[in-house]
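This briefing is meant for a reader who is meeting the structure for the first time. Please look over the sequence and the model before reading on.

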Amino acid sequence: MTRVVVTGAGGGIGAALARRFAADGAQVVVSDINADAAAKVAAEIGGVAVAADVAVEEDVRRLVETAGDIDLFCSNAGVLSPGDENTPDQQWERDFGVNVMSHVHVTRALLPTWLDSGTPKRLVITVSAAGLLTLLGSATYSVTKHAALAYAEWLRATYAHRGLIVQALCPQGVRTDMLTGGNARGSGSAALLADGALEPSAVADLVAESVRENGFLILPHPEVAEYYRLRATDPDRWLGGMNKMQRGFEARS
């Protein structure tokens with residue numbers, strides 16, 4: 001039986017992933033910084049709950065040790081903070097810790113036993129379309145998600161021949177507390193993304209299908225691939241369009 005670990009699994013995409021993999025017959029370890037939320041999801045699916053702050057390396061090591069022989073690790077936990085260049089350093093550090101260093105902590109704990117094990121192992125990193133594009137209204141989220149994508153790419157390029165399969169999940173709008181919280185704050189980006197937002201269960205279904213193959217990018221919103229291509233081939237036009245969108249947000253505020 002496949003053993004799966006999902007971080008940030010107390011709600012949103014993480015909880016949906018835990019439910020879907022459990023329904024497929026996997027043994028699921030449900031991890032979240034909120035111990036009660038993790039325990040609730042674990043009880044629902046017959047899994048094991050492990051409370052952990054993924055920005056703390058000791059917590060991640062304890063999670064990996066508790067989980068045992070892991071086949072698939074979904075490094076899903078993330079945070080989004082509104083703000084610009086004036087966002088306090090403490091918030092930059094916290095967001096970087098959760099959105100980037102958590103993946104570093106995970107691989108430090110896993111790779112010594114995963115690499116060259118003779119059995120392919122899989123790491124799915126939840127990046128967000130913001131890692132391929134950007135997110136107006138949050139400098140920390142945009143920067144850290146770009147960094148998360150870069151780390152996922154580096155891992156794939158460096159260790160693919162040693163049995164590590166890395167995939168980057170890059171959804172756009174998903175109906176989670178992160179999106180609804182942005183709408184409550186009057187975020188223009190959140191309002192824009194809400195129109196095409198998917199249910200977390202739909203994202204989890206796509207991930208479950210995608211882990212049967214080895215494609216690097218998992219794109220629940222197919223249009224993101226075209227946006228990514230346009231950004232790469234004509235960055236000036238892309239940035240001009242994004243700035244126009246920003247001016248529209250400012251005019252309505």
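In what order do the strands of the open sheet stand, and in what sense do they pair? In this predicted model, the seven strands follow the order β3-β2-β1-β4-β5-β6-β7, and their pairing is parallel.

- Strand β1, which covers residues 3–6, pairs with strand β2, residues 27–32, in the parallel sense over four bridges, and Val5 stands opposite Val29 in β2.

**Helices across the sheet**
- Helix α2 (residues 35–45) lies across β2 and β3, and runs at about 165° to β2.
- Helix α3 (residues 57–67) lies across β1, β2, β3 and β4 (72–75), with an angle of about 165° to β3.

**The nonpolar cores**
- The largest nonpolar core has 42 residues, of which Ile70, Phe73, Trp114, Leu123, Leu155 and Leu164 touch the most other members.
- At least two residues of this core come from each of α3, α4 (89–114), β5 (121–126), α5 (139–159), β6 (164–169) and α10 (235–252), and α4 gives the most, with seven residues.
- Leaving aside residues up to four places away in sequence, Phe73 touches Val5, Thr7, Leu63, Val64, Val106, Leu110, Trp114, Arg122, Leu123 and Val124.
- Another core, of 28 residues, lies apart from the largest one, and Ala9, Leu169, Val174 and Val211 are among its members.

Methods:
Residues are numbered from 1 along each chain as its sequence is written. This is a predicted model: local features need pLDDT of at least 70, side-chain atom pairs count only at pLDDT 80 or more; totals for chains, interfaces and linings use all residues. Side-chain values use heavy atoms; hydrogens and water are left out. Two strands pair if DSSP finds at least two bridges between them. Contact means heavy atoms within 4.5 Å. Axes are lines fitted to C-alpha atoms, for helices over the stretch in contact, and angles run from 0 to 180 degrees between N-to-C directions. A nonpolar core is a set of buried Ala, Val, Leu, Ile, Met, Phe, Trp, Tyr and Cys residues joined through side-chain atoms within 4.5 Å. Buried means under 20% relative accessible area, exposed over 50%, partly exposed in between (1.4 Å probe, protein chains only).
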